[in-house]
Amino acid sequence: MTVTPLSQTGRASIAARGWGAAHKWLLIRRTCQLSILTLFLLGPLIGIWLIKGNLASSLVLDTVPLLEPLVFLQMLAGGITNHWAGLGATALIGVLLVSGFYVLIGGRVFCSFVCPMNMVTDTARWLRCKLALRGGIKLRRKTRLFVLAGLLVVSAFTGMQAYELINPVSILYRGLIFGMGLGWLFVLAVFAFDLLYAGDGWCGHICPMGALYSLIGSKSLLRVRATRRDKCDGCMECFTVCPENHVIPPALKALEGTSPVITSGDCTNCGRCIDICHEHVFQFGPRQ
Amino acid sequence: MAKEPINRRRFLIQMAKTVCGVSLAGLLMGLHARKSAALPDKSLRPPGALSEDRFLTACTRCGMCVQDCPYDILKLATLGEATATGTPYFEARTGPCAMCEDVPCVKACPTGALDPALTDINKAHMGLAVVIDQENCIAFQGLRCEVCFNICPLRGKAITLEYRPNKRTGMHAIFPPVVHSDHCTGCGLCERACILEEAAVKVLPLKLAKGELGHHYRLGWDQKGEQGKRFPTADPMHQYNLPQGERYDYAGRGLMEETSKTESGKTPFGSNALHHLNQGFAGGLKGGGK
């Protein structure tokens with residue numbers, strides 16, 4: 001079989017196992033994203049307080065604190081300037097719980113199963129494909145690591161959580177729960193950037209939250225494996241749909257005897273490759 | 001994937017592009033952060049908030065203080081507002097702090113941006129009420145108002161009424177409100193209650209409202225209260241260039257001879273001051289008066 005043209009992507013998988021099964025992980029991801037958002041909204045909307053706060057920091061069932069690692073790092077960086085080291089047990093437990101969870105199941109699971117911006121950029125990606133938009137700004141994948149380092153430097157110099165002033169992810173999530181103000185403009189900007197200027201520009205190249213989570217999850221236990229890679233017919237559909245497609249070839253096309261596990265921390269464990277492959281090459285599994 | 005081979009030139013150019021781009025973005029972000037660090041005059045932080053610079057380090061913008069505020073007066077600043085994006089604040093004129101006794105907002109804070117040491121809401125200093133427009137405050141015109149005085153949760157402590165004669169009528173009194181910063185919590189009830197179109201009493205951030213005495217100042221009466229004596233203690237002996245054995249009496253007797261036997265007994269000089277003054281001419285400088 002030859003490489004599937006862009007417009008035909010996904011048809012083989014749907015034909016092989018039906019629409020539902022061919023979108024299994026997409027549906028699970030959307031359900032997960034919306035469920036978490038709903039949990040946060042239950043309190044403000046109808047007074048059922050299962051989770052308080054937002055993604056930056058929250059309290060589950062009035063007992064378990066959670067704290068976003070990037071917020072934590074900005075606090076540490078800012079504290080250098082302000083001689084503030086007032087971090088209490090609540091914050092430390094919170095950041096350990098969140099980091100620990102993502103260390104185990106893959107840092108960028110946050111990106112594909114939790115982050116609200118994922119729905120925005122996925123829409124941009126889908127539309128970019130439909131409108132057959134090509135080209136745009138070429139960014140390096142590593143840009144996000146520089147952004148991450150840069151924002152910590154700025155936080156250290158200004159003594160404040162500098163990135164949280166403009167972080168579109170937290171602006172979107174906080175906006176959904178507490179009121180958006182002009183925050184929509186930032187979300188729209190990310191959408192337009194991904195649609196018109198750079199495919200997968202935000203999540204795949206710039207977002208420092210994704211960068212940090214890829215570092216956190218670089219040794220995670222849960223991975224996607226190209227278990228049946230001998231069945232691969234080279235249609236390239238997985239490569240087309242994967243938002244971080246540099247992670248696939250080492251596992252899929254490597255020589256016999258190498259591991260079929262996608263080991264890169266950049267992999268978001270989104271399951272797109274599992275859904276799209278009509279040969280059932282990929283599946284979730286433990287790192288080995 | 002047809003890639004150019006990575007060589008040093010290409011690598012350096014790529015690095016330069018990325019570093020320059022990120023640095024530029026970082027610079028803009030830093031400038032924006034600096035600007036955001038200035039809290040607008042009308043925005044007041046929840047009780048127990050750290051100083052503004054530390055608050056911006058510590059606050060995660062989670063909004064749990066907002067969610068736990070039973071009176072819904074706290075808001076998170078949205079993008080485009082002057083207050084730093086996502087941080088909690090309230091405005092006295094539209095929604096003053098109800099000063100809950102159990103301070104739920106402070107308890108909700110996961111990082112200590114609202115200092116858990118604040119357990120008594122009466123000790124909060126969210127801001128300071130200032131009777132800022134004495135030309136329009138009707139109490140200063142000799143009219144009876146006293147609304148701010150009466151609404152104050154620390155009535156009679158944070159705001160008191162002064163008593164002045166009304167010089168305009170010559171027969172009435174004026175009762176101007178006076179705020180005392182040691183008791184004012186900055187809750188903002190007075191500002192909301194002010195009957196004017198634009199409040200004459202406003203709660204300002206402490207930094208704006210308070211002056212600060214030079215650190216070398218010592219107020220004698222405070223020192224006396226603390227130590228039971230004046231400090232620095234009064235000069236026991238005037239250190240003028242008076243001849244030894246002489247002192248100056250302020251009560252009117254002027255330059256006078258020391259009378260104390262013990263003092264004069266110790267001095268190597270005679271009791272006549274002129275001997276001492278002329279000593280330099282007579283036999284060289286010996287000691288000399290201080």
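Modeller: Happy to, and please keep in mind that this is a predicted model.

Biologist: How much space lies in the largest cavity?

Modeller: Let me start with the search of the whole structure, which finds eight cavities of 30 Å³ or more. The space in the largest cavity comes to about 220 Å³.

Biologist: Which residues are the closest to the centre of the largest cavity?

Modeller: The lining is made up of 22 residues.

Biologist: Let's turn to packing. Which residues touch the most other members of the largest nonpolar core?

Modeller: That core holds 64 residues. A second, separate core has 57 residues, including Ala113(B), Ile121(B), Met126(B) and Leu128(B). In the largest core, the members that touch the most others are Tyr102(A), Phe110(A), Met117(A), Trp202(A), Ile248(A), Ile262(A) and Phe282(A).

Biologist: What does Trp202(A) touch, not counting residues up to four places away in sequence?

Modeller: One of its contacts, Met117(A), is itself listed among the core members that touch the most others. Trp202(A) touches Met117(A), Thr121(A), Tyr163(A), Pro168(A), Val169(A), Val190(A), Phe193(A), Asp194(A) and Cys207(A).

Biologist: Is Leu152(A) buried or exposed, or something in between?

Modeller: Leu152(A) sits in helix H7 (residues 143-158) of chain A. Leaving aside neighbours within four places in sequence, Leu152(A) is in contact with Leu73(A), Gln74(A) and Ala77(A). Buried would need under 20% and exposed over 50%. The relative accessible area of Leu152(A) is 22%, so the residue is partly exposed.

Biologist: How many residues lie between S1(A) and S2(A) in their hairpin?

Modeller: Strand S1 (residues 51-54) and strand S2 (residues 57-60) of chain A run antiparallel and are joined by four bridges. Within that pairing, Lys52(A) has Leu59(A) as its bridge partner. The number of residues between the two strands in the hairpin is two.

Biologist: And which residue in the turn between S2(A) and S3(A) has a positive phi of about 50 degrees?

Modeller: S2(A) pairs with strand S3 (residues 64-67) of chain A in the antiparallel sense, over four bridges, and Ser57(A) stands opposite Leu67(A). These strands form a hairpin with three residues between them. The loop between S2 and S3 of chain A also holds Asp62(A), which has a positive phi of about 60 degrees although it is not a glycine. The turn residue with a phi of about 50 degrees is Leu61(A).

Biologist: What is the relative accessible area of Met236(A)?

Modeller: Met236(A) has its place in the loop between strand S4 (222-225) and helix H12 (237-241) of chain A. Its phi is near 70 degrees, a positive value in a residue other than glycine. Met236(A) is partly exposed, and its relative accessible area is 39%.

Biologist: Last one: is Glu146(B) buried or exposed?

Modeller: Glu146(B) lies in the loop between strand S4 (128-131) and helix H5 (147-151) of chain B. Not counting residues up to four places away in sequence, Glu146(B) touches Leu161(B) and Phe175(B). With a relative accessible area of 13%, Glu146(B) is buried.

Technical notes:
Residues numbered from 1 in each chain as written. Chains lettered and ligands numbered in written order. Predicted model: local features only at pLDDT ≥ 70, side-chain atom pairs only at ≥ 80, totals over all residues. Heavy atoms only, no water. Core = buried A, V, L, I, M, F, W, Y, C linked by side-chain atoms within 4.5 Å. Buried < 20%, exposed > 50% of the residue type's maximum accessible area, 1.4 Å probe, protein only. Contact = heavy atoms within 4.5 Å. 1 Å grid on protein atoms, 1.4 Å probe; cavity = no way out; pocket = protein on both sides within 12 Å on 5 of 7 lines; lining within 4 Å. Points joined across faces, edges and corners; volume = space filled by probe spheres on them. Pairing = 2+ DSSP bridges.
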